[in-house]
Amino acid sequence: MVVMGFIVVLVVLAAGFAANMKVEGILARKAGAQSEVEWLCRSGVEISKYILSQQMANSQEPYDSLNQSWAGGPGSTNGLNPLLESINLTNSAWGDGSVLGLLYPEEDPGEDVRCAIEIVDLERKFNINRAAEKGMGRFPLETTFEMMRIDVSLIPYLVDAIMDWRDTDDLEGVNGAESKYYEPLGYTAKNGPIDDLKELLLIKDITPKMFWGNSTNQLAGTARVSVVGAEESEEPDYPVGLVDLFTPISVGYININTASIEVLQLLPGMDNNRASFIIDMRVGLDGIDGTVDDEPFTNIQELRNVPGFQSAEALANAGRFLSVRSATFEVTVEAEMRGLQRTLVAVLSRPNPKDIKILYTYWE
């Protein structure tokens, strides 16, 4: 009986030890996968830097447009680099031209490994700090809210509140708000440049619906980040949201090859007709952005062919706001390895082909 008792105890101990070792093995594999998937994401950022460098170095295409491969278009990234001719950043599987194909050129790393990249230039949007500068006037912000079909009686309050948040003093505009208004809410006016576009949600009378444009975008956005005031409301959806039009980080110029018709209309001297002419000229015969027959602007002087820009004065005014190049990019890398998924977002600055900096990164 004593021997049987010892045998039972040893069996229980052995079973417990085996179970613990199994758990330790799983944790070790997950820890290894965690490190590997993070480095896979970081490698995706480095690939993006290289692709953007090659694009800018391509003298045959002295512009950035939606039909180029960095933006998901069918065009080549650099006609002199055969390695990048068939690149497809959105293909998450291993194969020619895919992200994994570039990282693992010799063999497939396995069916449980995935990686895809999305690159978006931030010069396709209006810099909110430039739009809110007093020297810019009220036109960009007023046009924004008119385009959103905001009640006209509310527009002066929204414009003044944004400008008061952005300016460097504590003097309230006629219809604005400064720290005196925000202090009971637990914070003060920024009184400086907007660093994160979600700061707009802290500003008086700006609602989540105004920021996101509609409930669908709001739910998608709040699923990833916590947004102040994202509660349910009976406020109607808007045709466009502030997040669709503005960015806090860019060089200040708007790329006419990537900007939407709504963003173009925010510029002084630009109306729906002129913006439509610009879009019509760049999309080609099929009328769709990012396709083979696109005809991007190669320089601002080509705006002479657009009605309303024939005069030297109109071209000079356009040169104050418009460009055919982008210098700031948001890179989103989604990777998966052995069931573990991670998403890394990086914002890059590209002043020239040999100097591409990572401004900041964050994990979603």
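I started at V347, which stands opposite Y360 in β8. Before going on, I noted that this is a predicted model, where local features need pLDDT of at least 70 and side-chain atom pairs count only at pLDDT 80 or more, while totals for chains, interfaces and linings use all residues. Residues are numbered from 1 along each chain as its sequence is written, and side-chain values use heavy atoms, with hydrogens and water left out.

**Strands**

My helices (H or I, at least four residues) and strands (E, at least two) are DSSP runs, numbered from the N terminus. I call two strands paired if DSSP finds at least two bridges between them.

β7 (residues 340–352) and β8 (residues 355–363) run antiparallel, with seven bridges joining them. The hairpin that links β7 to β8 passes through two residues.

How many of the ten residues of β6 are buried? I get seven, so to speak a mostly covered strand; buried means under 20% relative accessible area, exposed over 50%, partly exposed in between (1.4 Å probe, protein chains only).

**Helix α4**

Next I looked at α4 (residues 139–147), where P140, L141, T143, T144, F145 and M147 are buried. These buried residues pack against several elements, including α5 (155–166), α9 (242–245) and α10 (261–264). After α4 comes R149, with a positive phi near 65 degrees.

**Cores**

A nonpolar core, for me, is a set of buried Ala, Val, Leu, Ile, Met, Phe, Trp, Tyr and Cys residues joined through side-chain atoms within 4.5 Å.

Which residues touch the most other members of the largest nonpolar core? F145, F246, L303 and L322 do, out of 58 residues. Elements giving two or more residues to this core include α3, α4, α7 (208–212) and α12 (312–319). α5 gives the largest share, seven residues.

I then listed the contacts (heavy atoms within 4.5 Å) of F145. Leaving aside neighbours within four places in sequence, F145 is in contact with I150, I155, L158, V159, I162, I206 and L242. Another core, of 25 residues, lies apart from this one, and V99, C115, V333 and A335 are among its members.
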